[in-house]
Amino acid sequence: MLLADDSPVFLAAAETLVAATPGFEVAATCGSGREAVAIAARLRPDLALIDESMPDLDGTEAAHEIAVVSPETFVVLVSADPSLRRRSIPLTDKRSLSPMLLTRLWQRRAAAPDAAPV
Amino acid sequence: MGGSRERAGISLPRVRRGDALRPDDTAAQQGSAGVLHSTAGARAPAWLAGSYLWGVVLLVLLYWGVAKLGYAFGFSGPIAAIVWLPVGVGVAFLTIGGLSFWPGAFVGDLLANQYSSLPVGGAIGQSLGNLAEVVLIAFLMRSIIRRRSPLTTLSGVLGMVAAICTGTALSALVGPLTLAATGPLSFGEFPHVSWTWWLGDTCGALLVLPLALAWSPLAEMRRRLSRRSVIEAVAIVAVVAVLSWVAARGILPAYVIFPILALAAIRFGSRGATTAVFVSIAFVVWGETDRHGHFTVHAFSQSVSETQLFVVVAAVSSLCWTALVAEREEAEQGLRVSNARAFTAAEAERRRMERDLHDGAQQRLLALAIRLGLQQDEATTPALEQFLVETEEQLNEAIDELRNLSHGIHPSVLSELGLANAVRTLAVRSTIPVKLVELPTRMVDPDTQAAAYFIVTEALANAQKHSHASTIRVRVASRLAGLHVVVEDDGVGGASVSAGSGLRGIRERVDAFGGMFAVESPRGIGTRVTAVIPTRAV
């Protein structure tokens, strides 16, 4: 899977989290929305964990572009402060991330393979 | 200084462009002494030569016409005048248009001479004296005028008065001396003719020059007058006219005019003051000539001198009031600008702090929460598990506190969501139900937006703390003039700006933007906080 966040500290923690989750493997990490789109186009990851607020391209915009360049990628948008939501796109609170949550998200994806990426 | 930077409409229409006086900011930047960029006539491009000629012709006509007017209405005679307006016309033209128009004043003066009652030599000498006077005053004026109209500062006004008195003194010496030398005047008459001459010319210059400066495009920024202001202006002019007429008839002493002249200066700046003085003097002089017949210097009377002194005193006082009002307004404006600047700086600082919090501490705590979560299942003893659970709880509290803090420091919600959504977020968080009556539809600049957001935040916080209301109604509306913010509740009322620092904070913010702010809070009925924040050009 792909991890994109402009905070290196959080990125490192997320990497540890994925590494500790059985069945998941970090394919790439990056610090911006643009990079995330470029890497997704190249690596076609199964899952992408993308921070909503990033300087160049925010998570929602990156998700839309990834849906075009790599339609099979399942995008999960995370945020440091989900109370700042806009447009009705669901954001996952960064602090609730856990191996269990990742596994559940992936199961949901497997159950509905045609669902639009969020 | 190339003609390309010429601002449209600064110079008189028929004036040679390169020679026109203009308020110039680059002059100050370069530390140059003034704003005068006179180019020699010979260097002017061919197409300008035509407009220069027209300028001279225009000046001849104006000068001659105004002189004739003086004779026709009997306030000037072949020698001296109660009020010699042509000097004002000449000085104004040369000051605003450029010294190179001097031939216009000279020809105009020669044409205006009454050769029937003057020897040709005396008339030409007198005209030369008048020319020297006009050029000297205009020269002094052009070296006084820096970046702004001299009417906007007290030193400018006093400088102008000094320039006028100096120049008119020159004419009042040269003219009568020439006439005494060539015959029509005896040397015995010289002192009082010279005195009357001096006062008459000074009156003329003091009446016309400020009027022209005030109404020329280089004067203070033009304010758009509301319908009410127009009515007020007309009313003031009418009262000035009536009082002046009454005074001129001798029904009331002349000084009854002063309060209304002061009012004109205070309410309508240099344009109001100069116009009011002009109207007033016109009536007073008319009354003078009406009572005593046409003015000739041989029929010189005490009342002529009094009228002249009245004109000088009225004009100078009025100009001083204008200058003081302008200086005060400028000081206010400067204060507003520096307030707004301080506010913007504080705002930028808040934004930076918020970003630092969000990118730094907040991310670090979230990373910690994830790492801690990973270790929870690994706890080997119940005590360790208990410790981990408690640590996680506290960590979550820290994250929540930090989130609230960063919302309070700077509404990053604004940059992320826009004002309308940010206000919605506030409404959702409120402990008292909030009804959003109206939300802005158009984008406004970030500072205005932030100010509006803080006003809603403070007003809502105030209402939640003190009002005991059952509902709060919030309206944030984008109008042409700016953002209108209204927060009203149906609580206990009794709020005042002095009592609550929250409301005072709002007042300071609104003031920094030059906006309007009001709190109505009748006891037992509720509180309404209203603010209008003018939108700035982005």
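Q: At what angle do helix 3 (residues 85-97) of chain B and helix 7 of chain B pack, and how far apart are their axes?
A: In this predicted model, the two helices pack at an angle of about 40°, with their axes 7 Å apart.

Q: Why is helix 3 of chain B called oblique to helix 7 of chain B?
A: The packing angle is about 40°. Angles under 35 degrees count as roughly parallel and those from 65 to 115 as roughly perpendicular, with oblique for the rest once angles over 145 are set aside as roughly antiparallel. Helix 3 of chain B is therefore oblique to helix 7 of chain B. The crossing of helix 3 of chain B with helix 7 of chain B is right-handed.

Q: What makes the contact of helix 3 of chain B with helix 7 of chain B, and how do its residues divide by class?
A: Helix 3 of chain B contributes residues including B:Leu85, B:Val89, B:Ala92 and B:Ile96, while those from helix 7 of chain B include B:Asp201, B:Ala205, B:Val208 and B:Ala212. The division is 12 nonpolar, three polar and one charged.

Q: What makes the contact of helix 6 of chain B with helix 7 of chain B?
A: Among the residues of helix 6 of chain B are B:Ile164, B:Thr168, B:Leu173 and B:Ala180; among those of helix 7 of chain B are B:Phe190, B:Trp197, B:Trp198 and B:Leu209. By class, this contact has 14 nonpolar, five polar and one charged residues.

Q: How do you know that the buried residues of helix 3 of chain A line one face of the helix?
A: The buried residues of helix 3 (residues 59-69) of chain A are A:Gly59, A:Ala62, A:Ala63 and A:Ile66. Seen down the helix axis, they fall within an arc of 105°, so they line one face. Their cover includes strand 1 (2-4), helix 2 (33-43), strand 3 (47-51) and strand 4 (74-79) of chain A.

Q: What makes up the side of chain B that touches chain A?
A: In the contact between the chains, 20 residues of chain B meet 19 residues of chain A. Helix 10 (302-375), helix 11 (382-409), helix 12 (412-417) and helix 13 (419-429) of chain B each supply at least two residues of that side. The largest share, 12 residues, comes from helix 10 of chain B. By class, the side of chain B that touches chain A has eight nonpolar, seven polar and five charged residues.

Conventions
Residues are numbered from 1 along each chain as its sequence is written. Chains are lettered from A and ligands numbered from 1 in the order in which they are written. This is a predicted model: local features need pLDDT of at least 70, side-chain atom pairs count only at pLDDT 80 or more; totals for chains, interfaces and linings use all residues. A residue is buried if 20 or more other C-beta atoms lie within 10 Å of its own, exposed if 12 or fewer, and partly exposed in between; C-beta atoms are placed from the backbone. Helices (H or I, at least four residues) and strands (E, at least two) are DSSP runs, numbered from the N terminus. The arc is that of the directions from the helix axis to the C-beta atoms. Two residues are in contact if their C-beta atoms, placed from the backbone, lie within 7 Å. Ala, Val, Leu, Ile, Met, Phe, Trp, Tyr, Cys and Pro count as nonpolar, Asp, Glu, Lys and Arg as charged, and the others, Gly among them, as polar. Axes are lines fitted to C-alpha atoms, for helices over the stretch in contact, and angles run from 0 to 180 degrees between N-to-C directions. A crossing is left-handed if the near helix is turned anticlockwise from the far one by less than a right angle, and right-handed if clockwise.
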